[in-house]
Amino acid sequence: MTELETLICTGKLCPYCGKEPVLTDSACIYGKSYGMIYLCKPCDAYVGVHRNSTVALGRLANADLRKHKKLAHEKFDALWKIGGMSRSDAYSWLSKMLGTEPDFTHIGMFDKEKCLDTFFISEVKLELLLKNNTSDEKIRTIISDRRERIGLRGFTQRD
Ligand SMILES: [Zn+2]
């Protein structure tokens with residue numbers, strides 16, 4: 001990691017314009033306060049902070065990156081929740097797969113390319129894990145998860 005990359009991953013510089021973001025209340029984005037954020041207004045890029053601190057959760061994200069972060073999280077969280085891995089095992093596996101330092105292996109710190117990599121490798125890993133454990137209960141969990149994503153209620157077993 002270069003010094004510049006570290007500053008970007010920790011929310012100290014905007015990755016799009018290179019300027020320093022402003023610490024401000026999230027109400028200016030959401031209309032309601034969800035705590036503080038680092039904001040670069042001209043780039044429409046922001047990131048939240050850890051609770052009761054001014055430490056950013058990761059890199060500032062514009063609308064496109066926010067979308068990719070969400071997708072990466074959906075797949076990666078499904079991997080450890082449905083795939084039967086612990087969260088920390090899943091993160092150290094991800095770190096090895098992406099070749100990123102463990103301290104910088106957080107979706108909130110990733111750029112678009114790393115989010116896409118996370119999405120695809122988590123998807124493949126989950127498929128492989130499930131091939132060895134395709135119990136009906138697992139299948140129900142997966143179907144519920146997919147139905148929820150398209151706005152349908154969870155899958156329930158018919159009596
Ligand atoms: Zn900017």
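The structure is a predicted model, in which local features need pLDDT of at least 70 and side-chain atom pairs count only at pLDDT 80 or more, while totals for chains, interfaces and linings use all residues. Residues are numbered from 1 along each chain as its sequence is written.

The protein chain has six helices and three strands. These elements are DSSP runs numbered from the N terminus, with helices being H or I of at least four residues and strands being E of at least two. Along the sequence, the order is α-β-α-β-β-α-α-α-α. The C-alpha trace spans about 55 × 35 × 25 Å along its principal axes. Of the 159 residues, 21% count as buried. A residue is buried if 20 or more other C-beta atoms lie within 10 Å of its own, exposed if 12 or fewer, and partly exposed in between, with C-beta atoms placed from the backbone. Among contacts with a separation of 6 or more, 46% join residues 24 or more positions apart. Two residues are in contact if their C-beta atoms, placed from the backbone, lie within 7 Å.

The protein chain is divided into domain 1 (3–60) and domain 2 (64–149). These bounds come from an automatic or database domain assignment. The C-alpha centres of the two domains lie 25 Å apart. Five residues from domain 1 and four residues from domain 2 take part in the contact. On the domain 1 side, the touching residues are three nonpolar, one polar and one charged. Here Ala, Val, Leu, Ile, Met, Phe, Trp, Tyr, Cys and Pro count as nonpolar, Asp, Glu, Lys and Arg as charged, and the others, Gly among them, as polar.

Helix packing was examined next. Two packed helices are described by the angle between their axes and the distance between the axes. Axes are lines fitted to C-alpha atoms, for helices over the stretch in contact, and angles run from 0 to 180 degrees between N-to-C directions.

Helix α3 (residues 63–82) packs with helix α5 (residues 112–131) at an angle of about 25 degrees, and their axes are 8 Å apart. The two helices are therefore roughly parallel to each other. Angles under 35 degrees count as roughly parallel, over 145 as roughly antiparallel, 65 to 115 as roughly perpendicular and the rest as oblique. The α3 and α5 crossing is left-handed. A crossing is left-handed if the near helix is turned anticlockwise from the far one by less than a right angle, and right-handed if clockwise. The α3 side of the contact includes Leu65, Leu71, Phe76 and Ile82, and the α5 side includes Cys115, Leu116, Phe119 and Leu126. By class, this contact of α3 with α5 has 11 nonpolar, three polar and six charged residues.

Helix α3 also packs with helix α4 (residues 87–98), at about 130 degrees and with axes 9 Å apart. The α3 and α4 pair is therefore oblique. Their crossing is right-handed. Phe76, Leu79 and Trp80 of α3 meet Arg87, Ala90 and Leu94 of α4. This contact has five nonpolar, no polar and one charged residues.

Two loop residues other than glycine have positive phi. Asp44 has phi near 50 degrees. Asp44 sits in the loop between β2 (36–40) and β3 (45–48). With 15 other C-beta atoms within 10 Å, Asp44 is partly exposed. Asn52 has phi near 55 degrees and lies in the loop between β3 and α3. Asn52 counts as exposed, with 8 C-beta neighbours inside 10 Å.
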